Amino acid sequence: MQEIKCPKCGEVFLVDEKDYNQIANQVRDKEFTKELERREQELEAKREQELQLIRLEEEKEYTANITKKEAEIAEKERRIAELQAKLDASETMKSLAVSEALEKRNEEYSKDAKVHSENLMQKEAEISTRDKKIAELQTKLEGSETEKKLAVAQAVEEKTAELNNKIMEIANLKGELKNKEAENRLSEQLLKEQYEDKLKLKDEQIEYYKDFKARQSTKMIGESLEQHCLTQFNSIRMTAFPNAYFEKDNDARSGSKGDFIYRERGEDGTEFISIMFEMKNEADTTATKHKNEDFFKELDKDRNEKGCEYAILVSLLEIDNELYNNGIVDVSYRYPKMYVIRPQFFIPMITLLRNAALNSLQYRQELQIVKNQQVDIIHFEENMNAFKEGFARNYRLASEKFATAIDEIDKTIDHLQKTKAALLSSENNLRLANNKADELSIKKLTKNAPSVKAMFDELKQDE
């Protein structure tokens, strides 16, 4: 939306892009009319110049034709004069011939009269032939004069007809221009009426929302914007978004939550778009005014925690800020894939992102297939590694048991060897003991004990 100030009354009103284009078209139509009038004047002057040139060319051509015809007439008159001279000469020759004939007749009266009559008839025939030629030449001269007049008249008629046609074309163009001007005036009047109706409707809507906001509390204002967006979405859910998930975000385990979450999946279950929505509004009479950027950080946090691809703030804050009134605002320079929109762009924004995501759905599905294949390969490798680790562990345990058994066997062998050595040593000791027992006698026992020896002697004596 843009502010435009009326140069006459000074009233400031808001116009959207469509209204602005209509006003620009009106200005362009006026400029087009001026340009058309200027072009018409130029065309008229150009045609006048062309007509003047045509007239000059026609006059020049007419003069050239007249000069040519006059030259032809002079040539024909010259030829007539020559023929007349020849005719006069022939008359003189005729008279001389008659005189000669009379003289010859007087001189040669005796000659045959028949020959003289034939000669006379021949002369008369020649004279008659010359008279016919003169008549034919006069007839041709009169015909050439008639042809000359007819040609001049025909050329004048053709040029006149051509000029009339051009004049009619100019008149037709003027009529078309007048019709175009009338159409432009009607179109301008219609656009003006439509624009006034739209302005009136917008003023009514502004008054309605002002009154609506005045009667609501801060909480109700926020909830009314959420309800408005939800109603808008539900009104076209089954026709435009039949497979979409659009519900309130009720998961506040992380300490915060958004307002709505939009998700949509393909037929194979591949999710191709997800959006976290936050709706913000406040009353015009609120003392502490918030800004849209105050909610960017929290919205980005909610988007990341809920695993959404896009984050959109539907806001009525900063109502006089032209940046947000112009349409969809991309704030991804602050936080990735984040946009700020007014409520009227709620459905168009979803449609825009959804259509863009649908174009990449095939690539997402192919990517998901590749990911699944990678996961399968990873699972196969994990199973293989688990088998290898289990086999290695069992082999290691078996090896340790074998080593322990071998050690125990070696220890047992050592123990038996020691037992054998002990037994052998015991046998030797027993043999020595036996030998000592065999060698034992009372004499040896009492060798160093005289008193015991005396006792044994006494006993022996008593026996």
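At 53% relative accessibility, does phenylalanine 391 count as buried or exposed? In this predicted model, phenylalanine 391 counts as exposed, because its relative accessibility of 53% lies above the cut-off of 50%. The residue is found in helix H8, which covers residues 361-438, and together with Phe380, Met384, Phe387 and Tyr395 it makes a nonpolar surface patch of about 610 Å².

A contrasting setting is provided by strand S4 (residues 260-265), which is largely enclosed by the rest of the structure, since 5 of its 6 residues are buried. Strand S3 (residues 244-248) runs antiparallel to S4 and is joined to it by 5 bridges, with glutamate 247 standing opposite isoleucine 261 of S4. S4 also pairs with S5 in the antiparallel sense, over 6 bridges, and here the bridge partner of isoleucine 261 is methionine 276. The hairpin formed by S4 and S5 has 5 residues between the two strands, and in its turn glycine 269 has a positive phi of about 90°.

Helix H5 (residues 296-305) has as its buried residues Phe296, Leu299, Asp300, Asp302 and Arg303. These residues lie on the same side of H5, because they cover an arc of only 160° around the axis. The buried residues of H5 pack against strand S5 (271-280), strand S6 (310-315), helix H6 (322-325) and strand S8 (338-341). Just after H5, glycine 307 takes a positive phi of about 65°.

Side chains of opposite charge can pair when their charged atoms come close, and the count of salt bridges in the model comes to 11. One of them joins glutamate 278 and lysine 280, whose closest N and O atoms are 3.3 Å apart; glutamate 278 is buried, with a relative accessible area of 9%, whereas lysine 280 is partly exposed at 22%. Another is formed by arginine 334 and glutamate 293, with a closest N to O separation of 3.7 Å. This pair links distant parts of the chain, 41 residues apart, as arginine 334 is in the loop between strand S7 (329-330) and S8 and glutamate 293 is in the loop between S5 and H5. Arginine 334 counts as partly exposed at 41% relative accessibility, as does glutamate 293 at 39%. Finally, salt bridges that share partners join Arg263, Arg265 and Glu271 into one network, in which the side chains of arginine 265 and glutamate 271 meet at 3.5 Å, N to O.

Technical notes
Residues numbered from 1 in each chain as written. Predicted model: local features only at pLDDT ≥ 70, side-chain atom pairs only at ≥ 80, totals over all residues. Heavy atoms only, no water. Buried < 20%, exposed > 50% of the residue type's maximum accessible area, 1.4 Å probe, protein only. Helix = DSSP H or I, 4+ residues; strand = E, 2+ residues; numbered from the N terminus. Arc of directions from axis to C-beta. Contact = heavy atoms within 4.5 Å. Pairing = 2+ DSSP bridges. Patch = residues over 30% accessible without salt bridge, like charges linked within 9 Å, V, L, I, M, F, W, Y side chains within 5 Å. Areas by Shrake-Rupley, 256 points an atom, 1.4 Å probe, with all protein chains shown as cover. Salt bridge = Lys/Arg side-chain N within 4 Å of Asp/Glu carboxyl O.
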